[in-house]
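Subject: Structure handover and notes

Dear colleague,

I am passing on a structure that you have not worked with before, and I would be glad if you could look through it alongside the notes in this message.

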Amino acid sequence: MYKRLRNQINGILRGPEGPRGACSGSEHVPEFEPHRHIRLLTFNIQVGINTSSYHHYLTRSWQHFLPHRRRIENLDRIATLLRQYDVVALQECDGGSLRSGYINQVQYLAEAAGIPYWYQQLNRNLGQIAQHSNGLLSRYRPLDVTEHKLPGLIPGRGAIIARYGSEDDPLILVQMHLSLSKAAQQRQLGYVRDLIADYRHVVLMGDMNAHAEQLLTQTPLRETDLIPLPGTAHSFPSWRPEKALDHIMVSPSLEIRRAEVISYPVSDHLPIAMDVALPKGYLETF
């Protein structure tokens, strides 16, 4: 009896189809248009759970494991916001398990928002129980997209890197979800720093679980020249923002036209948005 139950549990944890990281493919995606400004958004969607109070972490905790009839409604509200942006970084998505009704939330949001390219990175595969993922949505065709497992004592954190524009001088967009541990963040940001060291035009975006001042003065990112949002750009918790945990940071070569925290409380984080333009003359390199 015990052996049979253990095998059943192991089967659930592995899942029926193995890892479900996926990509839409890029054949139908428009070419990158470097003469236009790019509307960026990063959003931790908390697997579609609408959290608006600390006590919801207790009373709605079951939604991290079981489906809920209003989850799709919440995803549709998120998709309404995403329609306004060109490149979107998503954290805490589900790639298609019991709790999401076996819906790949990255794919669902891309299709509901009318964004042609999507890429799902599966970071922690708990089979039918949960498919913890990051997601990248894009209206432009990237040169390529690569995924990276970030170092840490506990596995399950990742980054997605998309390159746009010119092979010789690309725009590098890195979306990530960092660990809570400061020690792990040091290792993860050292890894990311090495990935971006040779590029001039860089965007870092995602849930970094730390304030910008700490990231740029007390981690390996201090060796970069990245420009953050103001320290007052608080995004967590969504119902009473007092911590700046979500960030978009850019190289000085990218002109920031607008940056803001969006008051759109459908998760426990608020989304962060930024409009950037590539440097003058960049178009001539194509």
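This is a predicted model: local features need pLDDT of at least 70, side-chain atom pairs count only at pLDDT 80 or more; totals for chains, interfaces and linings use all residues.

Residues are numbered from 1 along each chain as its sequence is written, and side-chain values use heavy atoms, with hydrogens and water left out.

The secondary structure comes to six helices and 12 strands, where helices (H or I, at least four residues) and strands (E, at least two) are DSSP runs numbered from the N terminus. Of the 286 residues in the chain, 52% count as buried; buried means under 20% relative accessible area, exposed means over 50%, and partly exposed lies in between (1.4 Å probe, protein chains only). The accessible surface of the chain is about 13100 Å², and 54% of this belongs to carbon and sulfur atoms, with areas taken from the Shrake-Rupley method with a 1.4 Å probe and, for residues, only the protein chains shown counting as cover. Among contacts with a separation of 6 or more, 72% are between residues 24 or more positions apart, a contact being heavy atoms within 4.5 Å.

The largest pocket has a volume of about 520 Å³. Here a pocket is an open set of points, on a 1 Å grid over the protein atoms alone, where a 1.4 Å probe fits, with protein on both sides within 12 Å along at least five of seven lines, and lining residues have an atom within 4 Å of a point; points are joined across faces, edges and corners, and the volume is the space filled by probe spheres set on them. The lining has 28 residues, of which E92, R124, H132, R157 and H177 are the closest to the centre of the pocket. While β3, β4 (117-125) and β5 each supply at least two lining residues, the largest share, three residues, comes from β5.

There are nine salt bridges in the structure, each defined as a side-chain nitrogen of Lys or Arg within 4 Å of a carboxyl oxygen of Asp or Glu. D169 is buried because its relative accessible area is 13%, whereas R200, at 53%, is exposed. R193 also forms a salt bridge with D194, the closest N and O atoms being 3.1 Å apart, and D144, R163 and E167 are linked in a network of salt bridges.

Finally, L98 is found in the loop between β3 (87-94) and α4 (105-113), and S100 has its place in the loop between β3 and α4 too. L98 counts as partly exposed because its relative accessibility is 32%, whereas S100 is buried, with a relative accessible area of 8%. Leaving aside neighbours within four places in sequence, S100 is in contact with R71, D94 and Q105.

With best wishes
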